[in-house]
Amino acid sequence: MAKARFSRFDGSPGCAVEAAVSLICGKWKGVVLWYLLDEGTLRFSELRRRIGGVTQRMLTNQLRELEVDGLIHREVHAEVPPRVEYSLTALGRELTPVLMALKTWGDAHLDLFGPSGAPAEPREGEAAEQT
């Protein structure tokens, strides 16, 4: 069963959101889930190639956490060299509407981020709203 990332979930209004986000928080987890949702089963090297910019160690760690949390399935084929494939579990597939909503929102607000992925300068009129 998935482990809790926080010591307690007390049922407060934001508790369910905190619990859900704790499973997908991580720099590359959302991207990994997206590619597995979009393309089905992928090998480690295929994931790394699609993501780009992720180190082998970081991707390995993120995949292990997703597996421990029950969102992805890791299948090792007894071949030489060994072939390892990753796919979404039923629980992971339940995140489809969440991932689709995040993609839709991201597409609509891509202008909030600069070309490097860093937050862009606030648009005119937004600075006053944030203070």
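Is K103 buried or partly exposed? At 36% relative accessibility, K103 counts as partly exposed, because the partly exposed range lies between the 20% limit for buried and the 50% limit for exposed. Keep in mind as you read that this is a predicted model.

## A pair in helix 6

Let us stay with K103 for a moment. K103 forms a salt bridge with D107, and their closest N and O atoms are 2.7 Å apart. Both residues belong to helix 6 (residues 96–108), where they sit four residues apart, about one turn of the helix. D107 is partly exposed too, with 49% relative accessibility.

## Where two helices meet

K103 also has a part in the meeting of two helices. G30, L33, W34 and L37 in helix 2 meet T96, L99, M100 and K103 in helix 6. If you look at the model from a few angles, try to find these residues on both helices.

How can such a meeting be described? Two packed helices are described by the angle between their axes and the distance between the axes. Here, the axes of helix 2 (residues 29–39) and helix 6 come within 11 Å and cross at roughly 110°. That makes helix 2 roughly perpendicular to helix 6, because angles of 65 to 115 degrees count as roughly perpendicular.

## Strand 3 and its partners

Now turn to the strands. Which strands are joined to strand 3 by bridges? Strand 1 (residues 42–43) is joined to strand 3 by two bridges, and this pair runs antiparallel. Within this pairing, R43 stands opposite E85. Strand 2 (residues 72–77) is joined to strand 3 by six bridges, and these two strands also run antiparallel. Here V76 stands opposite V84.

Why is strand 3 described as largely enclosed by the rest of the structure? Five of the six residues of strand 3 (residues 83–88) are buried, so the strand is largely enclosed.

## The turn between strands 2 and 3

A hairpin of five residues links strand 2 to strand 3. P81 lies in this loop between the two strands. The peptide bond that joins V80 and P81 is cis, with omega at about -5°.

What is the place of E85? E85 is in strand 3, and E85 is buried, with a relative accessible area of 19%. That value falls in the buried class because buried means under 20%.

E85 touches several residues from other parts of the chain: T41, L42, R43, H73, R74, E75 and H77, leaving aside residues up to four places away in sequence. One of these, H77, has a side chain joined to that of E85 by a polar contact of 2.9 Å. The side chains of E85 and R83 are likewise joined by a polar contact of 2.9 Å.

The link between E85 and R83 is also a salt bridge, with the closest N and O atoms 2.9 Å apart. R83 forms another salt bridge with E79, where the closest N and O atoms are 2.8 Å apart. E79 is partly exposed, with a relative accessible area of 37%.

How many salt bridges does a search of the whole structure find? The search finds five, among them the bridge between D107 and K103 in helix 6, whose two residues are about one turn of the helix apart. Elsewhere, salt bridges that share partners join E79, R83 and E85 into one network.

How values were computed. Residues are numbered from 1 along each chain as its sequence is written. This is a predicted model: local features need pLDDT of at least 70, side-chain atom pairs count only at pLDDT 80 or more; totals for chains, interfaces and linings use all residues. Side-chain values use heavy atoms; hydrogens and water are left out. Buried means under 20% relative accessible area, exposed over 50%, partly exposed in between (1.4 Å probe, protein chains only). Two strands pair if DSSP finds at least two bridges between them. A salt bridge is a side-chain nitrogen of Lys or Arg within 4 Å of a carboxyl oxygen of Asp or Glu. A polar contact is a pair of N or O atoms within 3.5 Å; within protein, one must be able to donate a hydrogen and the other to accept it, and residues adjacent in sequence count only if both atoms are side-chain atoms. Contact means heavy atoms within 4.5 Å. Axes are lines fitted to C-alpha atoms, for helices over the stretch in contact, and angles run from 0 to 180 degrees between N-to-C directions. Angles under 35 degrees count as roughly parallel, over 145 as roughly antiparallel, 65 to 115 as roughly perpendicular and the rest as oblique.
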